[in-house]
Amino acid sequence: MITSQEGIDLIKEFEGFSAKAYICPAGKATIGYGHVVLPSEKHLLTGSITNEEAERLLKSDLEIAESALNSTKWNKSGGNVLQGLTRRREAEKFLFERGC
């Protein structure tokens with residue numbers, strides 16, 4: 001699954017753009033279109049970014065989310081694969097791909 005430009009535009013509309021880092025309602029340093037600043041990105045806390053840089057961060061974040069949707073790796077508890085979680089992840093992926 002790859003997020004379309006239409007999907008990216010929808011996310012951008014709801015997230016809004018911030019060129020400078022701010023603290024989101026969850027208490028996380030955030031910049032651009034809802035990108036949570038990682039410990040390795042401390043330089044983002046003091047500067048500003050462009051719309052283009054923010055979209056690159058958003059696309060990078062989406063790749064991580066898409067990867068999770070395209071796998072059933074989130075099917076473990078206590079290090080053990082649970083058949084129920086495997087079935088659930090497969091069902092979630094099916095529903096997501098159908099647009100439900």
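## Helices and strands

Helices (H or I, at least four residues) and strands (E, at least two) are DSSP runs, numbered from the N terminus. By that count, this chain has three helices and five strands. The chain is more spread out than a compact globule, because its radius of gyration is 16 Å, well over the 13 Å that the globule rule gives for 100 residues. (That radius is taken over C-alpha atoms, and the rule is 2.2 Å times the number of residues to the power 0.38.)

## What kind of model this is

What you're looking at is a predicted model: local features need pLDDT of at least 70, side-chain atom pairs count only at pLDDT 80 or more, and totals for chains, interfaces and linings use all residues. Residues are numbered from 1 along each chain as its sequence is written, and side-chain values use heavy atoms, with hydrogens and water left out.

## The chain as a whole

Along the principal axes, the C-alpha atoms fill a box of roughly 45 × 35 × 20 Å. Of the 100 residues, 22% count as buried, where buried means under 20% relative accessible area, exposed over 50%, and partly exposed in between (1.4 Å probe, protein chains only).

Now for contacts, meaning heavy atoms within 4.5 Å. Among those in the chain with a separation of 6 or more, 37% link residues 24 or more positions apart.

Two strands pair if DSSP finds at least two bridges between them. Strand 1 (residues 18-23) and strand 2 (residues 29-32) run antiparallel and are joined by three bridges. Isoleucine 23 sits opposite alanine 29 of strand 2. These two strands make a hairpin with five residues between them, and glycine 27 in the turn has a positive phi of about 85°.

Strand 2 also pairs with strand 3 (residues 35-36), again antiparallel, through two bridges. Here threonine 30 has valine 36 in strand 3 as its bridge partner. This hairpin has two residues between its strands, and glycine 34 in the turn has a positive phi of about 80°.

## A closer look at alanine 26

Where does alanine 26 lie? You'll find alanine 26 in the loop between strand 1 and strand 2. Is alanine 26 buried or exposed? Alanine 26 counts as exposed because its relative accessibility is 62%. Threonine 86 is 60 residues away from alanine 26 along the chain, and their C-alpha atoms are separated by 29 Å.
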